[in-house]
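Please open the structure in your viewer and keep the selection panel at hand.

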Amino acid sequence: MSQLEIKDLHVSIGEKQIVKGLSLTVRSGEVHAIMGPNGTGKSTLAKAVAGHPSYTITSGDVLLDGKSVLPMQPDERARAGLFLAFQYPSEIPGVSIANFLRAAVQARLGEGEELDATGYYKRLYSKMDLLQIDRKFTSRAINDGFSGGEKKRCEILQMAMLEPKFALMDETDSGLDIDALRIVADGVNALRSTNLGVLMITHYQRLLGYIVPDHVHVMWDGRIVKSGDKSLALELEAKGYDWVKNELIPA
Amino acid sequence: MSAPSLTLADPAIGSFTPELFAAHLASVSHLPAWWLDRKREAWARFLALPLPKRTDESWRFATLTGLKLDGYTLPPAVTPAGLGHAPIGIAKAGKLVFANNRLVAQEPISAELTKQGVIFETLQHALLKHGDLVKAHLLAQPPKQGSEKFSALHTALLADGAFVYLPKGVEIALPLAVFHYAAGAGAAVFPHTLVIAEPGTKATVVDFFRSAGDGAHFACGRNDLYASHGAALTYVAAQNWSRATLSFQSNSTVARRDARVLALNLHLGGRQSRHESHSQLQAPGAHSEMLALTVAHGTQEFDQRTLQIHQAPHTSSNLLYKNALLGSAKTIFSGLIVVDPDAQKTDAYQSNRNLMLSDDAEANSLPGLEIQANDVRCTHGATSSRIDAEQEFYLQARGIPKADADELLTFGFFEEVLSKLDHAPLHDALIGLIKIKFNPPV
Ligand SMILES: Nc1ncnc2c1ncn2[C@@H]1O[C@H](COP(=O)(O)OP(=O)(O)OP(=O)(O)O)[C@@H](O)[C@H]1O
Ligand SMILES: [Mg+2]
């Protein structure tokens, strides 16, 4: 059993405070959904936890199995078991998916350990088949010229290959067609059953029909203003953010 | 000023004394008289021409104090065993290995290619056996970009090199490889590769420039490509001289009607390296793809000057020079597109991109256009950028350490150039050479 604990986290970009005291604990196998209006700080939260250098954590802590990840570089955090599926994945011309994932897998091996190339490709192809990604993608440059949905699928492919303990999925559903959404959801559900913990940022109830959350949190202006079970997502969808603004925010 | 001791100390000739030239000339006295005459003329030009001066526009930004000509000798013969020859790991149609200006090893082309009339031999052999062909093309394009003095020295002291002749219609799938070694402290070498591609031919020629050991060498080379009607020629030069080497290399490309020449120069070695590249598009449909990749480390200086001359209508050229700079390295790119008055419908592109991997490195760019026709499309541009922070974070977020992420991104930067090679093993071999530069064996 692992746990990812976000404790009273405050995050700034430059002088501007974006995340203003947010606490949340995700355990292995759990799915937590975060919903909230645009600009409320959801991506900032996810990137700060992953260690993005532009985001300053001014107070609070992020603990992975009781150990703070804040002193760690982003790559150390990733190797410790965190995975961020980006809302806007970077396009990296000239670096093929195959070489990139190989470097990522290699980085997880011990000193002097050599990657088994045959095994690596076998695993890569089987994950690609599951996610219905054409094998030709391995020789394509990372996200370079990918459609929105292809980028998101490629994020999930990386997650499947790297087998993190916790995934921060930032609007992975946006840009996916209905079939792709189901494929991705099946992939996440399979990983969940092997104890992946998920923090899922989404605007849409639709995804939560496929990946049923254990907890739903509503985020507003850098804080969680309400938490509940999956019915909260339905309530939010029915009532809209005016409900949050008028009834959940203390005047 | 005529005392021999003063002549010896003349910085404009350095080690390259009349005695040295006389000894060289004696060593090639069996070669045709016209060639020896040309060498004597070139020698006179070398003596007469001054070293580059601060005020020479064609040497702008270059470290002129690094161009010292003393401390070098015409080196003795070496055996192939002494070279520590590292195989490049690609299948070849033929191989010539030169060391210290002499042929030391050879893998001849197949009997079948020979039967078709392909010549892949030493320049000395060609001078003796195919004199007229050589005479028409050898050093036929005079230098124009500032290295006239060094080019004259090359002609004067050129002892041997590679000669490639592709008779009409012949296509060779595998590359022809030429290795040029310098061995021993102070070795002065004058590598040369001449490629004549007759109409409708297709081939790939690769020059590898290497040092045996880490001595201070002087390399003064030249390669000439002549692509006749419809020829498709790929030329790759991988420069990997020792870090103490002073190198001058100049390339001339002539593309005739519908010819396509792709030249890719990989610059890795040398203390100070000057490379001049001069492409002439002489007839409609001619295309020149001018590519270069440089990895500049430590205090290395790479000085690249290019000329794209459009002499006929409906010609095109595309130049992409990419430099990655580390340490306190310095690069210079100076490029000029020239469009002659009647070269309408010219399509010319010139781009220099610098990836700054260190704050102490210095990249200089001087792009230029000289257009005398009115219906043309010419663009040029130069950029310098650092590793993209978002891309770096993306890779790190997958567990890849920062240094490795930066290396991946740097190779990604190079790939735009390398991907233009449609020969996968060669592409991979060049990546291998660059990797060694980033991670030298301990
Ligand atoms: N690099 C940055 N520099 C300045 N402001 C930023 C930066 N990144 C984010 N912000 C600001 O921080 C706030 C929160 O942005 P964030 O991307 O976290 O929102 P979000 O909740 O993910 O929104 P969305 O639902 O649109 O994805 C926004 O006002 C945004 O403009
Ligand atoms: Mg967001």
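Which residues does His52(A) touch, not counting residues up to four places away in sequence? Select His52(A): it touches Lys47(A), Glu390(B) and Phe393(B), where contact means heavy atoms within 4.5 Å.

This is a predicted model, in which local features need pLDDT of at least 70 and side-chain atom pairs pLDDT 80 or more, whereas totals for chains, interfaces and linings use all residues. Residues are numbered from 1 along each chain as its sequence is written, chains are lettered from A and ligands numbered from 1 in the order in which they are written, and side-chain values use heavy atoms, leaving out hydrogens and water.

His52(A) is placed in the loop between helix H1 (42–50) and strand S4 (55–64) of chain A. Helices (H or I, at least four residues) and strands (E, at least two) are DSSP runs, numbered from the N terminus. His52(A) counts as buried because its relative accessibility is 4%; buried means under 20% relative accessible area, with a 1.4 Å probe and protein chains only. Next, display Ser54(A): its backbone nitrogen lies 3.0 Å from a polar atom of the His52(A) side chain.

**The magnesium ion**

Select ligand 2, the magnesium ion, which Ser43(A) (OG) and Gln87(A) (OE1) coordinate at 2.0 to 2.1 Å. Ser43(A) lies in helix H1 and Gln87(A) in the loop between strands S6 (82–85) and S7 (92–96) of chain A, so the pair ties together parts 44 residues apart in sequence. Gln87(A), at 15% relative accessibility, counts as buried.

Finally, select strands S1 (residues 3–13) and S2 (residues 16–27) of chain A, which run antiparallel and are joined by 9 bridges. Strands pair if DSSP finds at least two bridges between them. Leu9(A) has Leu22(A) in S2(A) as its bridge partner.

Notes
Buried < 20%, exposed > 50% of the residue type's maximum accessible area, 1.4 Å probe, protein only. Polar contact = N/O pair within 3.5 Å; in protein donor to acceptor, adjacent residues only side chain to side chain. Donors = N, O, S within 2.8 Å, 3.2 Å for Na, K, Ca; no water.
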